[in-house]
Structures are given as C-alpha cells and as structure tokens.
Amino acid sequence: MNRISKVFQSEFFLQNNLHMSVNRFTEDFTVPYHEHDFIEYCYVAEGIGFHHIEQETFPIHKGLLFVIPVGVAHVFRPATPERSSKPPIVYNCLFDTHLATQLSIFQEQPIQEHISSLGSNASSYFSVFDRDGSIESIMLKLYREMSIKETGSKTMRYALLSELVVTVYRLKYGNEENIPNESADFNHVIHYLEQNLNQAISLSEVSRFSGWSSRHLQRLFLKHTGQSFGSFLQNLRIRKSCEILRSSNLKIGLISELVGYRSIDSFNTVFKKTVGLTPTEYRKSSFSQAKPVTRF
C-alpha cells in the first residue's frame with residue numbers, strides 16, 4: 001500500500017543562520033507521514049512504538065537512532081492510542097547539506113561523501129544502536145545548546161553535530177571497514193531469517209547455518225540490532241505481519257502461519273502486546289490512515 005506523504009521544507013524547520021535545528025518531541029498520531037528536503041537524525045530516548053519508513057515498519061525502543069536521508073518518507077507512532085501507554089520521545093537533529101558543501105565542517109572525504117549521499121537521496125535510511133550512551137549524551141548537549149544563546153554556542157552546535165555524525169558513521173561503517181567478513185556474514189543471517197519466517201527457527205539452527213556458536217550469535221545480535229535473537233525474531237515476525245495486513249486481504253489465520261506462528265491465539269496475543277492493537281484493529285487503522293494527504 002503506497003502512502004502519500006507531506007513534504008517538510010527546511011525554511012520552516014531549520015534556523016537559516018545555522019542550517020540546522022534540534023528538537024525534542026513526544027510522538028503521537030497527529031504528525032503526518034512525511035518526507036523532507038533536509039537530513040534528519042532521530043534518537044529514541046524514551047517509550048515504545050513504531051517507526052514507519054517507506055514501506056517498512058520497525059518496532060522502536062530506547063537507544064535506537066535512525067538516519068533519514070532527503071526524500072525518504074517516514075513517521076513515528078506510539079504503540080497504542082491509549083493515554084496510559086508510553087509514547088516514544090524522540091530527539092530530532094535536522095540539518096541541510098549546506099553544512100557539508102559550504103561550511104565544510106566535515107573534513108574527511110568518507111564523511112563528506114556519506115553526507116553528500118544522504119543529501120542527494122543516493123543512500124538508504126539506516127539505524128544504529130547506542131550501546132554505550134554516547135549518542136544520547138551528544139543529543140542532550142545539542143538540544144541544550146540549541147535552547148541557549150551564549151558566546152560560542154554556534155561553534156559548539158557545529159562541533160556537536162560533527163561528533164554526532166562521526167559517532168554514528170563509526171557505529172554503522174567502522175566495523176565493516178575493519179571486519180568486513182563478519183558484517184557481510186551477519187547480513188546473510190538476517191536474510192536467512194527473513195526468508196524462513198514461516199518456519200520454526202531456533203538459535204541452534206541459525207548457529208548451524210552461520211557456523212557461529214549460539215553465544216557468539218547472541219553477541220552479534222546485541223551488537224548489530226540492539227536486541228537479543230529472540231526479541232529480534234519476534235519483532236521481525238510482527239513487522240512482516242504488519243506489512244501483509246496493510247497490503248492484502250488474507251485471513252488472519254493464514255498470516256499467522258506465514259510469519260511462523262502455529263497458533264493463531266499465540267499470534268494474536270504477541271501482536272496485541274507488541275503493537276497495542278489486535279491484527280484486525282491494526283488492519284482497519286492502516287486502511288483509515290491510507291487516505292490521501294494534501295502536499296504543500
């Protein structure tokens with residue numbers, strides 16, 4: 001199902017003299033599905049919910065940071081509309097490519113090329129997990145510096161933005177530069193899970209497939225996804241079921257089998273706990289949100 005997105009423009013969201021902005025937002029159901037003409041780094045600081053990006057849906061939790069290139073449509077949503085839920089609180093760092101092309105705050109060529117690809121929509125969105133709290137620390141400092149007017153604040157904002165970009169770049173690509181085979185092989189593991197969701201997949205089975213021990217696999221899942229193997233697999237099943245619910249009229253029982261649940265009751269229970277809605281309620285909600293939204 002193709003959703004129509006609004007376009008958020010930099011002139012309304014960025015401070016012109018800085019070409020950047022940082023905000024803290026409690027996500028709800030009022031913000032439209034949108035894309036923008038600036039780059040966005042989104043850090044989940046609290047709460048749970050979902051991040052809808054293009055045609056995918058990702059369960060979110062504290063510590064995840066998403067990098068959204070120019071022209072990529074997305075929106076955050078709470079897990080449930082109920083007031084008692086814990087909606088996601090997200091810090092958003094927005095900036096345009098003027099910082100990279102004109103102000104030259106990024107010195108090394110790989111970083112410049114990385115930012116350029118994000119600004120030209122030549123690279124895909126991605127996420128990293130803040131394992132040691134360094135990203136959260138930078139975001140909090142950036143948010144503070146954006147809210148004060150002191151001598152050196154502008155310089156500090158650019159310095160913190162540089163630190164954020166480099167920190168995220170290293171998390172995403174640093175290990176790939178040093179240990180390319182491990183990252184490539186782990187991607188094969190993810191692909192294996194995606195292609196075999198309808199099967200009863202165990203950690204020991206994945207261990208035999210990958211050649212890594214179960215203990216090492218658990219470490220890799222925490223390292224690359226921020227989740228244990230079991231949590232990642234469950235979220236993957238629910239994410240896939242959300243995609244099928246949005247794009248088809250298949251019966252709930254069949255969908256539960258397609259994503260690996262042998263009991264529809266177990267599927268309904270896990271889905272409701274994760275999404276906050278039953279599969280039927282989610283399908284109805286998705287169709288109601290798919291109504292065209294006017295661009296501006």
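Ring pairs join F58, F66, F76 and Y125 into a cluster. Rings of Phe, Tyr and Trp (its six-membered ring) are paired if their centres lie within 6.5 Å; planes under 30 degrees apart are stacked, over 60 edge-to-face, and the rest tilted. The model is predicted: local features need pLDDT of at least 70 and side-chain atom pairs count only at pLDDT 80 or more, while totals for chains, interfaces and linings use all residues. Residues are numbered from 1 along each chain as its sequence is written, and side-chain values use heavy atoms, with hydrogens and water left out.

A search of the whole structure gives 15 aromatic pairs. Among them, F8 and F13 are stacked because their planes are at 20°.

| Pair | Centre to centre | Angle between planes |
|---|---|---|
| F8 and F13 | 4.9 Å | 20° |
| F58 and F66 | 6.2 Å | 55° |

The F58 and F66 pair is tilted. Both F58 and F66 are buried, where buried means under 20% relative accessible area, exposed over 50% and partly exposed in between (1.4 Å probe, protein chains only). F8 is buried at 13% relative accessibility, whereas F13 is partly exposed at 33%.

T225 belongs to helix α8 (residues 214–225); helices (H or I, at least four residues) and strands (E, at least two) are DSSP runs, numbered from the N terminus. With a relative accessibility of 11%, T225 is buried. A polar atom of the T225 side chain lies 2.5 Å from the backbone oxygen of F221, and the T225 side chain also reaches the backbone nitrogen of Q227 at 3.1 Å.

Helix α9 (residues 229–247) has 19 residues and should span 27 Å at 1.5 Å a residue, which agrees with the 27 Å between its end C-alpha atoms. The expected span is 1.5 Å times one less than the number of residues. Because 14 of its 19 residues are buried, α9 is largely enclosed by the rest of the structure.

Mean pLDDT (the predictor's confidence in each residue, from 0 to 100) is 85 for the protein, with 90% of residues at 70 or more. Where pLDDT is low, the predicted coordinates should not be read in detail.

Definitions and conventions:
A polar contact is a pair of N or O atoms within 3.5 Å; within protein, one must be able to donate a hydrogen and the other to accept it, and residues adjacent in sequence count only if both atoms are side-chain atoms.
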